[in-house]
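Dear colleague,

Please find below the structure that I am handing over to you. My notes on what was found in it follow directly after.

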Amino acid sequence: MRVGEDKILSGRKVAKAVESDLSKEVERLKDLDIQPGLTVILVGDNPASEIYVSYKEKACKRVGINSTIINLPKNISESDLLAEVQKLNEDNQVDGILVQLPLPDHIDDEKVIATIRPDKDVDGFHPINVGELMINNKGLPSCTPRGIMEILARYNIELEGKNAVVIGRSNIVGKPMATMLLHQNATVTICHSRTKNLAEYTKNADILVAAVGREKFVTADMVKEGAVVIDVGMHRTEEGLCGDVDFEGVKDKVLAITPVPGGVGPMTIATLLKNTLTACKERRG
Ligand SMILES: Nc1nc(=O)c2c([nH]1)NC[C@@H]1CN(c3ccc(C(=O)N[C@@H](CCC(=O)O)C(=O)O)cc3)C=[N+]21
């Protein structure tokens, strides 16, 4: 894959390539009588969550990972949920534990995340994994930003010395994204809702990552000619799915851009599979 032939960065294609590599590793583990296992905990019946969890389940099937979904009622107590996580922590067949977010309001997400064994935390959200990422680029990484790094790598997009601007500072995307870009020697700026004169930053970005959570927020006037634009947004509108970037307005101006759908989303899932395999190999491979 090379930019130039392909201005649209296909997360779908990269995910397929990653999955094909993972399938081979699953085969190798089979010879050792090991099947990697991912367990997803889904609390309540949020329809969007159910859809995302079904994507994860299908992806596991494609590469040969054993997936289990535990459905828990939305009124489950925090302590009962923590007890479920503990059980999975101790289950040798479970390599990856993912607690689907968002959780109901009466449950403290951070407490749940901190209860997951760091070496089974395939979301990469546990403070140990966050710290490892910051300090030495090790541990299990957050799936969305790592998936984005994989897209940039497979399309041979140079990062060293480039101006990278990340819009959004969430623990799940913005902060780890900035950290990963920094590890690749980009000069990184994090912008957010309180940033003044946002466009002054974005117009200087060689690499622009939009993780704002607002529909078509990034418009052509905010983007540098020849930039690489990564769209992390996901909004269901009357005209279908769209991202944080005004794709139609921006695409003619840039060197490369990820679409929504078919961009970052499939790479989040591919990285989740990869993390599950890493967790399996580290613990029992
Ligand atoms: N603990 C936890 N981990 C997560 O990783 C997590 C989560 N909670 N809660 C919800 C979000 C959302 N998420 C998506 C993953 C893939 C697509 C995806 O594959 N999207 C496709 C299809 C979109 C569609 O058609 O619906 C695409 O962009 O092409 C979307 C969304 C993971 N999440």
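I begin with the annotation: UniProt lists residues 9–123 under "domain: Tetrahydrofolate dehydrogenase/cyclohydrolase catalytic", in an unreviewed entry. UniProt positions are given in the numbering used here, feature names are shortened, and annotations may be inferred rather than shown by experiment. Residues are numbered from 1 along each chain as its sequence is written. Please note that this is a predicted model, in which local features need pLDDT of at least 70 and side-chain atom pairs count only at pLDDT 80 or more, while totals for chains, interfaces and linings use all residues.

Over residues 9–123 the chain is 50% helix and 16% strand, with the end C-alpha atoms 23 Å apart. Helices (H or I, at least four residues) and strands (E, at least two) are DSSP runs, numbered from the N terminus. A further UniProt annotation from an unreviewed entry, "domain: Tetrahydrofolate dehydrogenase/cyclohydrolase NAD(P)-binding", covers residues 142–283. In that stretch the chain is 36% helix and 18% strand, and 19 Å separates the end C-alpha atoms.

The domain assignment of the protein chain, for its part, gives domain 1 (33–118) and domain 2 (142–265); such bounds come from an automatic or database domain assignment. The C-alpha centres of the two domains lie 28 Å apart.

Strand β1 (residues 37–43) is mostly covered, as 6 of its 7 residues are buried (20 or more other C-beta atoms within 10 Å of the residue's own; exposed means 12 or fewer, partly exposed in between, with C-beta atoms placed from the backbone). β1 runs parallel to strand β2 (residues 66–72), to which 7 bridges join it; two strands pair if DSSP finds at least two bridges between them. L42 has N71 as its bridge partner in β2. Together, β1, α2 and β2 make a right-handed β-α-β unit, meaning that, with the strands pointing away from the viewer, the path from the first strand over the helix to the second runs clockwise.

β1 also pairs with β3 in the parallel sense, over 4 bridges, and L38 has its bridge partner in β3 at G96. In a regular strand the side chains alternate between the two faces of the sheet. In β3, G96 and L98 point one way and I97 and V99 the other, and all are buried.

The ligand shell

The ligand is surrounded by 17 residues, the closest being L101, P261, G262, G265 and T268 (C-beta atom, placed from the backbone, within 6 Å of the molecule). α2 (47–63), β3 (96–99) and α10 (264–284) each supply at least two residues of this shell, and α10 gives the most, with 4 residues. Both domain 1 and domain 2 contribute at least three residues each. By class, the shell has 12 nonpolar, 4 polar and 1 charged residues; Ala, Val, Leu, Ile, Met, Phe, Trp, Tyr, Cys and Pro count as nonpolar, Asp, Glu, Lys and Arg as charged, and the others, Gly among them, as polar.

UniProt places a "binding site" (unreviewed entry) at G168, R169 and S170. R169 is in the loop between β4 and α7 and is partly exposed, because 17 other C-beta atoms lie within 10 Å. I172 is found in the loop between β4 (163–167) and α7 (174–183); I172 is likewise partly exposed, with 19 other C-beta atoms within 10 Å. The C-alpha atoms of I172 and S142, which are 30 residues apart along the chain, are separated by 6.4 Å.

With kind regards
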